[in-house]
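Here are my notes for a student who is reading this model for the first time. Please keep the structure open beside the text and look up each residue as it comes.

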Amino acid sequence: MGNKNSAFTEEELEDYEDLTYLTRREILIAWGKWRGLVGGRGEPDKISRYPEKDVQKLPELQHNPFRDRITRVFSSLKDSRMSFEDFLDLLSVMSSKAPLQLKAHYAFHIFDYNEDQILDTEDLEVVVERLTGDHGLLPEEKNKLVERLLEDTDLDGGGISEEEFKHLLTKCPDFIHSFRFSV
Amino acid sequence: MCEATALVPTAEGMGSMSELRPLLREMKAHREDMSGDRNSGCRTSAAMSGSGGRGGSGGRGQKAGFARRGGWEDAGVEFYREAYPTSVDNIYDTRITTLLPSKRHNVNSLGRGTVRRRASQRSRRQPSTTTATLVHTSRRGSDTYLEVLPDLTQGVDEEETWEKLQQIRAHAVPIEEKRKLKQQLQSAPTLRTRGLAAFKLSRRKFLSQTKSRLREMISKIELWHWSLRYVEGNFGTGLVAFFTFIKWLLYLNLFTCVLLGVFILVPQIFLVHSKDSCIVDTWSNSISDNETFLYENDTNCCTKYYDEIKSNLPERDNYYLIQLVQDGVQGTGPLELSYLFYGYYPRHILVLEVAPEWKYNLPLAYLLVLVVTLILSLVLMVRAAARGLRESLRSSEGQFYQYCNLIFGGWDYCIENNKASSIKKKAIYNELCNHLETERYNEEKEQRTKKERCRLYMVRLLVNLVVIALLFVSFVAIYKSTIFAFDHLKDAKDSKESEQDKLMILLFEYLPSGVIVTLNIIIPYLLRALVKLEHYTPNSILVLTLVRTVSLRLASLVVLLISIYQTIPSCPDSKPSVCIDECSQPWCWETYVGQQLYKLTILDLIIMFLTTFLVNFPRKCIGHKLMRGSQIGAAIGDIEFAIPKHVLDIVYGQTLCWLGMFYSPMLPAVTCIKLVLVFYIKYFDCKVNSSQSSQLYRTSRSNALFISILLVSFIVTIIPVGYSIAEIKPSLACGPFRGLDTIWSEMLAVIQESPDWLKAVLLFLGTAGFAVPAIIFLILAGYYYYAVAAANKHMVSLLKNQLVLEGHDKQFLLSRLNHMIKMSAEEEGENTSARSSRPVEDETGHSNDQTLEA
């Protein structure tokens with residue numbers, strides 16, 4: 001423990017506790033994980049930023065169809081490189097204590113591939129494609145699906161906006177269970 | 001900077017709206033051929049009042065909306081036509097769309113609900129600053145980013161600062177910025193709270209801190225944390241829900257055990273009772289000095305007799321291992337004379353040695369604790385079920401939400417294994433296909449001809465008849481076997497025991513349980529085969545099989561109890577003074593029932609063990625190691641971890657526990673041990689034996705499903721237990737209620753002894769004078785909630801319609817706006833058009849207004 005503790009000052013830990021949904025123990029575990037991820041490039045510190053390849057070695061991300069989006073969205077400078085603090089942000093949002101609204105915000109941006117702040121047909125097609133993997137739906141099935149998705153969600157036309165998306169997710173009870181990592 | 005950008009949206013939104021009106025008029029002038037002009041004017045103002053409603057006057061907006069609904073619908077078609085003119089589909093369109101307040105990248109509207117709630121609480125608390133707070137609140141509604149910054153003009157008290165500090169983590173900005181916010185908050189001058197408020201604040205701080213510390217501690221010692229995490233990483237959250245369900249049940253049973261231990265076992269160890277013998281002279285003595293004996297003389301002697309018979313056990317020397325095992329699984333021998341079963345509990349009033357006047361009525365405690373545990377279990381279950389129901393209701397709102405749920409909530413982000421992720425993808429794919437299939441099925445259903453429909457209904461009717469026949473046959477089998485086993489057991493016990501007889505006894509002892517278990521294994525396969533003939537949707541197939549299997553399992557238990565019950569009243573109870581030994585009644589039927597359920601519990605565990613280690617494990621080994629790659633190997637080795645089946649196993653075990661709890665108070669403890677073992681058995685089954693089920697089990701749905709099955713079986717359980725408490729005469733020879741007419745009369749006796757007013761109240765509760773108004777009240781309350789729910793549903797659909805209309809409005813206005821911009825741009829020529837498009841790109845805040853002015 002002592003060894004790990006020395007990585008943070010008391011103030012830093014307190015800060016992180018205040019600013020994320022993680023407990024002290026989880027922050028230390030996260031630090032351990034982070035060191036495992038980027039340790040190959042020398043002793044890590046908290047603000048240097050590492051390329052997404054390193055971060056995506058995290059088992060949870062490794063097999064996630066949206067990993068590139070996750071690293072991009074959580075990267076504080078939007079360049080897909082992540083620092084330890086960004087990593088903490090990621091874990092905080094993914095913790096089971098984070099509220100639905102926060103999770104929904106990030107989920108929205110993860111799904112928003114073309115980054116136009118609206119989930120439109122294009123985005124949804126990519127999402128469906130990535131979700132089903134190699135099993136690939138037939139194009140007409142995919143179209144039908146996306147059409148059905150947009151049909152009712154998108155009340156005012158032009159795609160699903162963030163607010164609409166958040167509203168939508170309150171009706172998707174599985175989301176809050178599935179959109180998380182356990183530390 | 002935050003101040004500026006945050007304040008703008010509402011003001012600007014309203015500004016651009018009011019800006020639009022003259023614009024529309026202008027347009028009218030421009031284009032005389034436009035149809036439905038007047039309507040558009042009307043609708044615009046309606047739209048405005050609607051969007052103005054966001055700030056706080058929602059009610060007014062809605063009313064206006066309703067009043068105009070009739071008009072809108074007529075106009076709707078035209079707007080629809082106009083709303084999406086392809087000609088104006090130009091570059092401006094998307095840009096302006098992104099500028100709309102609702103579409104803006106609105107980072108900081110998080111945690112709004114809580115902030116607003118708190119604010120309203122505060123405004124109630126401080127009536128003097130109501131107006132200020134109101135302004136505050138309405139601003140909050142539009143954008144909370146501002147709220148994080150302390151409003152320096154107003155005095156901010158400590159509590160508010162603290163609340164905001166707690167809210168920081170809900171903001172979707174990188175840590176760096178959150179840190180800045182925190183510093184800003186901390187450095188801002190705050191008013192110190194004093195007095196009661198300060199106390200309250202410190203208490204709140206303390207509470208939240210302890211809560212988080214406690215949570216951390218609990219998470220450290222959490223049971224099976226790593227196993228659950230493993231399951232989660234490799235099989236997804238659906239399976240985790242199953243294992244957490246086992247955990248939940250374990251806690252429930254532990255809780256029951258603790259209650260039983262504290263109120264029934266511990267008093268027996270620490271308290272004494274005066275005397276316990278059958279000798280008449282001691283009896284008369286004890287009656288005079290202390291009424292510690294509750295039973296009559298003859299009953300007491302019967303007890304003695306019972307005990308003697310029971311102590312007729314083989315000596316310790318010739319107590320073989322085989323005998324030990326036999327007794328262990330049958331609940332006979334020394335176990336029968338332990339606290340495990342009802343029969344061993346004495347009918348005593350216990351006293352503390354140092355303070356003899358303090359009495360502890362053990363039979364009453366026995367009754368009360370069991371009733372209370374049952375009620376508590378019910379309450380806990382109903383709570384969990386209500387939560388599950390709410391979730392599943394929300395998702396069952398329509399086919400469409402199921403798609404959303406699948407697409408947006410389908411992926412388990414905790415999956416960390418390649419195989420699991422490909423299986424998950426396959427599962428999602430299957431589920432999607434399933435949904436599409438259902439849709440196709442529905443279409444097909446509508447196109448079915450009359451003849452086809454008739455045929456299908458006939459098939460269904462036939463299948464249902466077969467199912468009922470199957471169930472009936474199995475019930476008869478259980479009934480016959482129980483009676484048969486009982487008779488033969490009696491014969492075998494009467495004749496002096498030989499080695500061969502012992503085996504026979506074991507066989508007969510296990511005959512009813514064996515029949516039940518065998519039926520429970522075979523019949524579900526038949527049911528699954530039959531349901532395929534009925535052509536239902538995949539979802540209904542799942543539910544239907546589940547319902548049938550559950551009813552088989554529950555009903556088989558009930559039948560078992562009924563057949564045991566048949567053996568009880570065959571004894572003439574006209575001669576209470578004679579200790580019954582000539583009638584066929586078991587010495588202590590309560591213990592007998594307890595033993596049956598104990599045996600079922602043990603057998604259930606054994607079967608689970610066997611199927612996992614001796615059936616599934618070899619299957620997996622042979623299929624995947626020896627015959628790797630071949631199709632037969634795959635057919636043998638691929639075992640699905642079908643959650644419904646496993647849930648049924650667990651629920652069945654719990655039902656046994658509830659049924660037997662009264663006759664065997666230690667059964668919850670046995671069930672606890674069993675559940676721990678079951679956890680590991682199932683864990684092994686899913687980790688080693690099974691490939692993950694290719695069906696997608698959604699966490700929310702399965703949670704609701706588990707609990708509702710549990711609830712149903714609980715209710716079915718309660719009926720026989722309640723009947724036996726209220727109606728059946730307890731055995732004379734054993735148990736804490738010997739000599740009473742019914743078990744419940746113990747309770748009545750206590751009520752009779754209680755003070756008059758309490759007696760009156762309690763007796764009144766049992767009369768029709770109380771029951772009829774109570775029932776009427778409950779019905780009325782139920783109806784009221786039903787009406788409210790119906791009204792809300794109606795309201796939701798109305799609002800949804802309104803929202804759609806607003807959406808059309810917006811589209812319409814946007815396209816008009818684009819058109820205008822384009823026209824003016826054309827007029828001004830190329831240079832100016834370049835100039836006017838730039839601000840749209842650069843500034844996000846004022847661009848709307850500026851373009852309009854341009």
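1. A:L168 is buried, because its relative accessible area is 3%, and the word buried here means under 20% relative accessible area, whereas exposed means over 50% and partly exposed lies in between (1.4 Å probe, protein chains only). A:L168 belongs to helix 11 of chain A, residues 162-169, where helices (H or I, at least four residues) and strands (E, at least two) are DSSP runs numbered from the N terminus. Although A:L168 and A:A104 are 64 residues apart in sequence, their C-alpha atoms are 9.4 Å apart in space.

2. Before going further, please note that this is a predicted model, in which local features need pLDDT of at least 70 and side-chain atom pairs count only at pLDDT 80 or more, while totals for chains, interfaces and linings use all residues. Residues are numbered from 1 along each chain as its sequence is written, chains are lettered from A and ligands numbered from 1 in the order in which they are written, and side-chain values use heavy atoms, with hydrogens and water left out.

3. Chain A as a whole has 12 helices and zero strands, and its C-alpha atoms fill a box of roughly 60 × 30 × 25 Å along the principal axes. Of its 183 residues, 60% count as buried. If one takes the contacts (heavy atoms within 4.5 Å) in chain A between residues at least 6 apart in sequence, 57% of them join residues at least 24 apart.

4. A second residue to look up is A:I27, which sits in helix 3 of chain A, residues 24-38, and which counts as buried because its relative accessible area is 0%. Apart from neighbours within four places in sequence, A:I27 is in contact with A:F8, A:L13, A:Y16, A:E17, A:T20, A:L22 and A:F84. One of these, A:Y16, is 11 residues away along the chain, and its C-alpha atom is separated from that of A:I27 by 7.7 Å.

5. How many residues of chain B are in contact with chain A? There are 73, and they meet 78 residues of chain A. Together the two chains bury about 6900 Å², 58% of it on carbon and sulfur atoms, where buried area is the accessible area (1.4 Å probe) that two parts lose on being put together, summed over both. B:R169, B:F408 and B:Y413 supply 14% of the area that chain B buries against chain A, more than any other three residues.

6. Between chain B and chain A the count is six salt bridges, a salt bridge being a side-chain nitrogen of Lys or Arg within 4 Å of a carboxyl oxygen of Asp or Glu. The side chains of A:D15 and B:K182 form a salt bridge, at 2.6 Å from N to O. Helix 17 of chain B, residues 418-447, gives 12 residues to the side of chain B that touches chain A, which is the largest share.

7. Finally, consider the aromatic rings, where rings of Phe, Tyr and Trp (its six-membered ring) pair if their centres lie within 6.5 Å, and planes under 30 degrees apart count as stacked, over 60 as edge-to-face and the rest as tilted. Ring pairs link A:F66, A:F108, A:F111, A:F165, A:F175, A:F179, B:F408 and B:Y413 into a cluster.
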